Amino acid sequence: MLIQDESETKLITLAGLFDRYAADGSLDDLSVLSYAEDGSLSFKPVTAATRRPYDGKLHTVQTRMGKELTVTHDHPMLTVTDGETVIREAQSLSPGDRIPVQTEIPTDAVGSFDIIDVVASSPSFENESVYLKPEFELESISQSLRSKLSEYNERFSYDRVYEFKRNNYITLDAFLEFEASLSIERSALRIYTTVGGEQTYVPAVLDVDEEFWRFIGYYLSEGHIGDDSSGHGSTTRKRVFLSFHPSEQEACVADVESYLEDLGIRYRTRTGTTATQIEVSSRVLAEFLDWLGCGIGSYSAAVPDAVYREPERNRRALLSGLFRGDGHIEYTSHSNAVVYDYGSVSEELIQGMQFVLHSCGIVPSYNTSPSEKSTQPAHFLRISSKQQLAALAGMFLPEEQDRINERLDSYDRDIRPTGHARGETHTTVPVQDICAGDTTTEVYSIEVADNHTFVTTDGLVVHNCFPKDTAAIRHAAREAGYEPAMLDATVAVNNEQPRRLLSLLDEHVDVTDRRVAVLGLSFKPGTDDIRNSQAIPVIEGLREHGADVVAYDPVATGEMRERFPEIGYADSAAAALEGAHGAAVVTGWDEFAALDDEFDAMVTPVVVDGRNVITRRTGITYEGLTW
């Protein structure tokens, strides 16, 4: 899932979220990418996160496009029917049910990266051996520099400031200590770690633009970091390599070279029989790429978390570097179709690419297969429909793009994608199969404010666990040595409310052999989930008293009919109320708040409102309570 805390946006697993944040109770300022009923996405606060032992069925939901998600058998799943979101338990899903997928990410552009901060915070560097070279000559501010660094200069047995001016650098330790008085902008500095010639200077502040992200994409697809301890001194050199096909990727080589030249970063290009290799000898650049989260090679490659904050043009630039570097375009010989594939041994990279592609409105298919060159499986993304390939426009080199466009223009007709569907509000993928099996494991739950949904594996959207997981919260509290007295009291009060509702009804009407309407069957409005619904004990209590129960719910009738097939069910609230001697309002659906004249059709209009949604008026005997 994609989370946001006070300092970063990050792709993380549920287990990782729990261990990093919930285990020590630090959920403050933590949000998760959440999906609203209108299909929009935003970050919403995580209000609770739990881990608990589980012994029961797990359902693995598999969709078209190779997407997959494993949940408990009663987990509420968000589905889309006729353009509206409907919640169903995982165990009630069927092939053909449609699950929404993520299609955007809210932006909060990074703007730039401060390499000085990256190096200063790393244990790999000693600040007195890191050098900052200004764009201007330090001699031009000689008097000011000597004055402001006088205290620093006194710590040495020689004139350290003179050395700075002669070599036109300032060490990182001096700069950080006296930065406030030096009035030297970080953006006017270049950072390096060796002296004596052939230094590789890296801008102290890197602008984060399309060219930057395309370079990162090239590195993720074709790059790695190597250690070199063959040089003089005790410090291991770091070299950044990007390797391309010597004849088929000349434009990619030129693209990378142009970017490095624009930044003033020294590089060396060698062309051999099997590869053209660009080499940058720089501990600073290697440290930055690792700090950014790119990984140091193909097995650890990962989409940097920072890109999830970026505007779409920058996300597309990252994809263009990836696609140009290591993607494969298949121009099928038996038709005019075009198929785009991207493969990697890094599952983390592929998962990140899925989130980025989804955020650009592109829904790839996903699969895995054994790798010929590795003991780890290879992970593949595929994009094949005309609409989706057209959406990739601009991500390929011009010559390749022209060839793709020529193929797309020759399509006889536009065929709608079969794996996913884009509606006016929701983009969805159909359930293809559901596999269930008993297991004993630990399961994780989160509660999300407002929308109660989050985006998870493969870009699928799910509902969070319903508050029945107060049981899980109480369990976690006791495991931590805390006795949750307030939660226990709250649960006890809630459990008592259906009994109180029935008692209030008994005060006004004898329900034996009389029709009683129960309005609302689901756990809460907006779902057909009846787990822990207060309607269950209400119906059970009415049947014990011999009532003729007629129930109505906008969406949960089918679920409750399986639980209570012997009671009556109405097609509307008005039909349930007609001829009734009493009514119990259990779920706060909006349509119940609009009821008025419908109560006049009751024999004795006694209404016990468990959600305080009915408007009191003359002619109704009204009792209200809330749980």
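**A walk through loops, strands and helices**

Asn-168 is found in the loop between helix H5 (160–167) and strand E11 (170–171). Helices (H or I, at least four residues) and strands (E, at least two) are DSSP runs, numbered from the N terminus. This is a predicted model, in which local features need pLDDT of at least 70 and side-chain atom pairs count only at pLDDT 80 or more, while totals for chains, interfaces and linings use all residues. Residues are numbered from 1 along each chain as its sequence is written, and side-chain values use heavy atoms, with hydrogens and water left out.

Stay with Asn-168. Its phi is near 55°, a positive value in a residue other than glycine. Is Asn-168 buried or exposed? Asn-168 has a relative accessible area of 5% and is buried (under 20%; exposed is over 50%, partly exposed in between, with a 1.4 Å probe and protein chains only). Asp-82 also has a positive phi in a residue other than glycine, here near 50°. Asp-82 sits in the loop that links strand E6 (76–81) with strand E7 (84–89). Asp-82 is exposed, at a relative accessible area of 76%.

Strand E10 (residues 131–134) and strand E12 (residues 189–192) run antiparallel and are joined by four bridges. Two strands count as paired if DSSP finds at least two bridges between them. Leu-132 has Ile-191 in E12 as its bridge partner. E12 also pairs with strand E13 (residues 202–203), again in the antiparallel sense, over two bridges. There, Arg-190 has Pro-203 in E13 as its bridge partner.

Now turn to a sheet. Four strands make up an open sheet in the order E19-E20-E22-E21, with antiparallel pairing. Strand E19 (327–331) and strand E21 (365–369) are its edge strands, and each pairs on one side only. From one strand to the next, the twist averages 25°. (Axes are lines fitted to C-alpha atoms, for helices over the stretch in contact; angles run from 0 to 180 degrees between N-to-C directions.) Five bridges link E19 to strand E20 (residues 338–344), and the two pair in the antiparallel sense. Tyr-331 stands opposite Val-338 in E20.

A helix covers part of this sheet. H11 lies across E20, E21 and strand E22 (378–383). H11 runs at about 20° to E22. Which residues does H10 bring to H11? Glu-312, Arg-315, Leu-319, Leu-322 and Phe-323 in H10 are in contact (heavy atoms within 4.5 Å) with residues of H11. On the H11 side, the residues are Leu-349, Met-353, Val-356, Leu-357 and Ser-359. The axes of helix H10 (residues 312–326) and helix H11 (residues 347–359) come within 10 Å and cross at roughly 135°.

Strand E27 (residues 515–519) pairs with E30 in the parallel sense, over four bridges. Val-516 stands opposite Gly-582 in E30. E30 and strand E31 (residues 606–609) also pair in the parallel sense, over three bridges. Ala-583 has Val-607 in E31 as its bridge partner. Which way do the residues of E30 (residues 582–585) point? Gly-582 and Ala-584 point one way, and Ala-583 and Val-585 point the other way. All of them are buried.
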